[in-house]
Amino acid sequence: MNEPVAAQPLLRVTDLTRTYELARTRLFGPREQVHALRGVSLSVNAGQSVGIVGESGSGKSTLARIVMALDAPTSGSVLFGGQDLHALKPGPLRAARRDFQMVFQDPYGSLDPRQTIERIVGEPLQALHDATRDQQRLRVLEVLAQVGLRDSDAHKYPHEFSGGQRQRIAIARALITRPRLIVADEPVSALDVSVQAQVLNLLQDLQRQHGLSYLLISHDLAVVSHLCDEVAVMHQGSIVERGAPAELFTNARHPYTQALVGAVPRISPGGARARRAGRRMQKTPMAGAGTLE
Ligand code: ADP
Ligand code: MG
């Protein structure tokens, strides 16, 4: 792989669209289409955290899967370190995967209940076939320590851990290949409110220690504001606004962004606007901020 030019972002997503064809409901009826992404462009520089915020169904997970090359776009491109991921053959793509890893929302569903933590966390290394078992074991212990877990945890199973600990395990698995980018899709949404800030702080510490970049996805503006220097607001498959979190809080231009900001009680006391919109408020650990669901 050629060294990227300094000015080139680590990740550059250009004009992505993704259309899902739904099954016909009648034999000769029309095929319905869902336009999950309608021309999304963004970039993430090395060491930068970019947040994607938007309500359920706005296309966030579709974007994450395409950036991770787990799904193909209908059109558009994903350049990672200058390589067009969706043009790579399986071998080079497998090798490129070392540099970008994903953390999913659900720490219950994303960890195989029949595998030990050592197996689960070591799995991405095993897929790369370039570490001996001993090297792999040592590296597992190293990343478990980095996320605040113990050596003895390596021999346990997922059910022996709390939700927050399971998400630490998922983060350890993402770290094991020493990636440059982590895509985290709703990484704290399934966690108790009291645990959310701990996991976000861990992500922030890891970023400082390892110079990581994040693409952090959440329906919650407060969560992405905690970690990100730049936030893009998605609505119905498009980015409708972007800026620094402080800018969005004080100066939101798009009505949808204003609704998101209005759902954070620190900015709009009582969240009356959000309640009028029929949205549920929930306390989060961030300075009394609320979430929009
Ligand atoms: P979000 O993560 O923001 O909630 P998604 O990316 O999951 O949004 O979904 C965006 C839109 O695409 C939604 O309308 C959803 O129903 C639709 N969608 C997502 N995945 C599929 C799929 N595999 N087949 C058909 N429609 C899908
Ligand atoms: Mg989603």
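In this predicted model, Thr62 reaches ligand 1 through its side chain: a polar side-chain atom of Thr62 lies 2.6 Å from an oxygen atom of the ligand. A backbone contact is found at Gly57. There, a polar backbone atom is 2.6 Å from an oxygen atom of ligand 1. Tyr20 faces a nitrogen atom of ligand 1 instead, with a polar side-chain atom at 3.5 Å. In total, 13 residues surround ligand 1. The closest are Gly57, Gly59, Lys60, Ser61 and Thr62.

Two helix pairs were then examined. Helix H3 spans residues 117-128, and helix H4 spans residues 133-146. Their axes are 9 Å apart and meet at an angle of about 110°. Because angles of 65 to 115 degrees count as roughly perpendicular, H3 is roughly perpendicular to H4. The crossing of H3 and H4 is right-handed. On the H3 side, the contact involves Ile117, Glu118, Val121, Gly122, Leu125 and Gln126. These meet Gln136, Arg137, Arg139, Val140, Val143 and Leu144 of H4. By class, the residues of the H3 contact with H4 comprise 6 nonpolar, 3 polar and 3 charged.

The second pair consists of helix H5, residues 163-175, and helix H6, residues 193-210. The H5 and H6 axes come within 10 Å and cross at roughly 20°. Angles under 35 degrees count as roughly parallel, and H5 and H6 are therefore roughly parallel to each other. The crossing of H5 and H6 is right-handed. H5 contributes Gly164, Gln167, Arg168, Ile171 and Leu175 to the contact. H6 contributes Val195, Gln198, Val199, Leu202, Leu203 and Leu206. The contact of H5 with H6 has 7 nonpolar, 3 polar and 1 charged residues.

Note on methods: Residues are numbered from 1 along each chain as its sequence is written. Chains are lettered from A and ligands numbered from 1 in the order in which they are written. This is a predicted model: local features need pLDDT of at least 70, side-chain atom pairs count only at pLDDT 80 or more; totals for chains, interfaces and linings use all residues. Side-chain values use heavy atoms; hydrogens and water are left out. Axes are lines fitted to C-alpha atoms, for helices over the stretch in contact, and angles run from 0 to 180 degrees between N-to-C directions. Helices (H or I, at least four residues) and strands (E, at least two) are DSSP runs, numbered from the N terminus. Angles under 35 degrees count as roughly parallel, over 145 as roughly antiparallel, 65 to 115 as roughly perpendicular and the rest as oblique. A crossing is left-handed if the near helix is turned anticlockwise from the far one by less than a right angle, and right-handed if clockwise. Contact means heavy atoms within 4.5 Å. Ala, Val, Leu, Ile, Met, Phe, Trp, Tyr, Cys and Pro count as nonpolar, Asp, Glu, Lys and Arg as charged, and the others, Gly among them, as polar. A residue is near a molecule or strand if one of its heavy atoms lies within 4 Å of it. A polar contact is a pair of N or O atoms within 3.5 Å; within protein, one must be able to donate a hydrogen and the other to accept it, and residues adjacent in sequence count only if both atoms are side-chain atoms.
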